[in-house]
Every structure is written in C-alpha cells, then in structure tokens.
Amino acid sequence: MEIVGSMVRQLLNKPEYEDIAKDYAPNYVDHGLGVFAQSAGGQSFDAMATQSMGDPIADIAEDMAAEQKARATYEYLIDMADDPDVIAPLRFLREREVVHFQRFGEIMDYLNDLKDAKKYH
Ligand SMILES: [Fe+2]
C-alpha cells in the first residue's frame, strides 16, 4: 500500500492535489492524501475482509487465494497503466504476490504431510 500510495503521490503535482481535494472532498476530509484501504468501488476495508477458521489447512488455502487475488489486481492495474515508471513497481508488487503464493504452497505441502498426525501445530 505504501509503494502504491507513494507512486500515486509522485505522479501528481500541486494543482492536481487541489483537484483531488475538490473532486473527492469526503475522502480528502477524512484521509487527506494518505493511503486509505478501500476497494476500487469505495468500500472500506474492515475485519470482514479477513477470514480465519482456526484450521491451518483451511487458513493457508484462504491466504493462497488472497495472494492470487492480489496478483490479479496488480495485473488489472498494469493493464490500465501506460507509464513505464508505474508499470515497473506494479510488476515488482505482482511478482511478490506470486512468491507469497509459492511460500504458502510450501507450507500447505508441509501441513498436508502432517495432517494424519494427532497434533500438528
Ligand atoms: Fe502477498
């Protein structure tokens, strides 16, 4: 989030700041130009966006899905961008989500190896 927020800020100049304050007044009043977690449709992030079953395999599967959703979101943003200085950090962030997914996959393999054990935490 900080990388994306910094990138957007670097792409703006002072008159554009003033346009943001005017065009997005409610958001500007609440958050200034700070990064605020919400969907592209304006729905704020809250605890309902996270899931936990308390079951390691179910929770890791949920985490893996979240990493793929993040990857897809970065790909949509890359599709919309035409500035190479925007595309490069988005590609970096996309690749990071791929690595996260792979690391969670390694944990999933480990948990599946242990699932028949009496305790595996
Ligand atoms: Fe991630």
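V4 counts as partly exposed, since 15 C-beta neighbours lie inside 10 Å. V4 sits in helix α1, which covers residues 2–11. Please keep in mind that this is a predicted model.

- Along the chain, V4 and L90 are 86 residues apart.

**Overall build**
- Five helices and zero strands make up the secondary structure of the protein.
- Read from the N terminus, the order of elements is α-α-α-α-α.
- The protein is more spread out than a compact globule, because its radius of gyration is 19 Å, well over the 14 Å that the globule rule gives for 121 residues.
- Taken along the principal axes, the box filled by the C-alpha atoms is roughly 65 × 30 × 20 Å.
- Of the 121 residues in the protein, 2% are buried.
- If we take contacts between residues at least 6 apart in sequence, 55% of them join residues at least 24 apart.

**Domains**
- The domain assignment lists domain 1 as 1–46 and domain 2 as 50–121.
- Between the centres of domain 1 and domain 2, taken over C-alpha atoms, there are 26 Å.

**The α4 and α5 pair**
- Helix α4 spans residues 56–80, and helix α5 spans residues 84–114.
- Their axes are 9 Å apart, and the two helices pack at an angle of about 165 degrees.
- Angles over 145 degrees count as roughly antiparallel, and α4 and α5 are therefore roughly antiparallel to each other.
- The crossing of α4 and α5 is left-handed.

**I57 in α4**
- I57 is found in helix α4 and counts as partly exposed, with 15 C-beta neighbours inside 10 Å.
- With neighbours within four places in sequence left aside, the contacts of I57 are M108, L111 and K115.
- I107 is 50 residues away from I57 along the chain, and their C-alpha atoms are separated by 9.0 Å.

**I60 in α4**
- Helix α4 is also the place of I60.
- I60 has 19 other C-beta atoms within 10 Å, so this residue is partly exposed; the cut-off for buried is 20 or more.
- Not counting residues up to four places away in sequence, I60 touches F104, I107, M108 and L111.
- I60 and F101 are 41 residues apart in sequence, and 9.7 Å lie between their C-alpha atoms.

**D116, after α5**
- D116 belongs to the segment after α5.
- With 7 other C-beta atoms within 10 Å, D116 is exposed.
- The C-alpha atoms of D116 and Q38 are separated by 40 Å, and the two residues are 78 residues apart along the chain.

Notes. Residues are numbered from 1 along each chain as its sequence is written. This is a predicted model: local features need pLDDT of at least 70, side-chain atom pairs count only at pLDDT 80 or more; totals for chains, interfaces and linings use all residues. Domain bounds come from an automatic or database domain assignment. Helices (H or I, at least four residues) and strands (E, at least two) are DSSP runs, numbered from the N terminus. The radius of gyration is taken over C-alpha atoms; the globule rule is 2.2 Å times the number of residues to the power 0.38. A residue is buried if 20 or more other C-beta atoms lie within 10 Å of its own, exposed if 12 or fewer, and partly exposed in between; C-beta atoms are placed from the backbone. Two residues are in contact if their C-beta atoms, placed from the backbone, lie within 7 Å. Axes are lines fitted to C-alpha atoms, for helices over the stretch in contact, and angles run from 0 to 180 degrees between N-to-C directions. Angles under 35 degrees count as roughly parallel, over 145 as roughly antiparallel, 65 to 115 as roughly perpendicular and the rest as oblique. A crossing is left-handed if the near helix is turned anticlockwise from the far one by less than a right angle, and right-handed if clockwise.
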